[in-house]
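Here is a short briefing on one protein model. Keep the sequence and the 3D view open as you read.

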Amino acid sequence: MVNTQVTLSGWRLDNPVIPASGTFGYGEEFSKLYDINVLGTFSFKGTTLEPRFGNPTPRIAECTGGMINAVGLQNPGVERVISHELPKLKTFFHKKVIANISGFSVEEYVECCRRIDAQEQVGLIEVNVSCPNVHGGGMAFGVCPENAAAVTRAVKRVTTKPVYIKLSPNVTDIVAIARACEDAGADGLSLINTLLGMRIDLKTKKPVIANVMGGFSGPAIFPVALRMVYQVACAVRIPVIGMGGVATAEDVIEMMLAGATAVQIGAQNLVDPYVCPNIIKALPEVMARYRIDSLEEIIGGAWK
């Protein structure tokens, strides 16, 4: 009997398969398709302090091997999540969840994380530092080690639960940013977020997406994500959640060999809503094929 369990900062998961934020909502729609309690857990929709309508449409563009989106963090705001989404979630999901938090200033991150930290259903806080800093000229917090560390440090002061910083790949040196977050007290790291991409409509000769550019995700980015997970996991002593183009059980194992303790599945949820339970079902067979008895034993196996 193979062992698919993994541990994130003391939190024991039945398996490492986690739907990524922004592709799974707050779980309700998927719960109507299958029992989502088979998941290790899931990261709910990126949540900000105030409600956000998001970007103008069109927000989605298809491309070879993936998609580009510029949804713009549409969400009901943290208070609505606490008062409405989490109580509803409790009726059909009986595990703790990952709370994905975004902000446009350090103060927003702090207040949002402080409120979500008090929620019993939250097992871990995932802080997305890919948002533009409204007080810093619009540059994303995650592209600068000092800014990423400042968010990490501030959030850790007001939280009791593990804090994982979600890193952007749109940087020159992701290892420097990862180390800065670790030094500032991060309990773990999530990577990668989407790459920056765009499409142009040949008929109109204009960008397809109203926002011009958006986040590129899907199987095409898997080799880039794998490389960055490998680089970061080698360089830090805290757990890494790997993501970026994951679509199969083999991809999950490859990510774990690169150093990921758990693996998130993003864009593929939008292509095949059953991808996560199918991966969970396939994992034992794939593990047996490659003579893997325990997933925890292979974490970082490609470099250890």
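**Lysine 161 and its surroundings**

Setting aside neighbours within four places in sequence, lysine 161 is in contact with Asp117, Ala118, Gln119, Glu120, Val122, Gly123, Lys156 and Asp187. Contact means heavy atoms within 4.5 Å. This is a predicted model: local features need pLDDT of at least 70, side-chain atom pairs count only at pLDDT 80 or more, and totals for chains, interfaces and linings use all residues. Residues are numbered from 1 along each chain as its sequence is written, and side-chain values use heavy atoms, with hydrogens and water left out.

**More on lysine 161**

- Lysine 161 lies in the loop between helix 4 and strand 8. Helices (H or I, at least four residues) and strands (E, at least two) are DSSP runs, numbered from the N terminus.
- Lysine 161 is buried. Buried means under 20% relative accessible area, exposed over 50%, partly exposed in between (1.4 Å probe, protein chains only).
- Lysine 161 has no salt bridge (a side-chain nitrogen of Lys or Arg within 4 Å of a carboxyl oxygen of Asp or Glu).
- Aspartate 117 has the nearest side chain of opposite charge, 5.4 Å away. Lys and Arg count as positive, Asp and Glu as negative; His and the chain ends are not counted.

**Helix 5**

- Helix 5 spans residues 174-183, and seven of its ten residues are buried.
- Those buried residues pack against helix 4 (145-157), strand 8 (163-166), strand 9 (188-191) and helix 6 (222-235).
- Just after helix 5, glycine 185 has a positive phi of about 110 degrees.

**Valine 71**

- Valine 71 counts as partly exposed because its relative accessibility is 22%.
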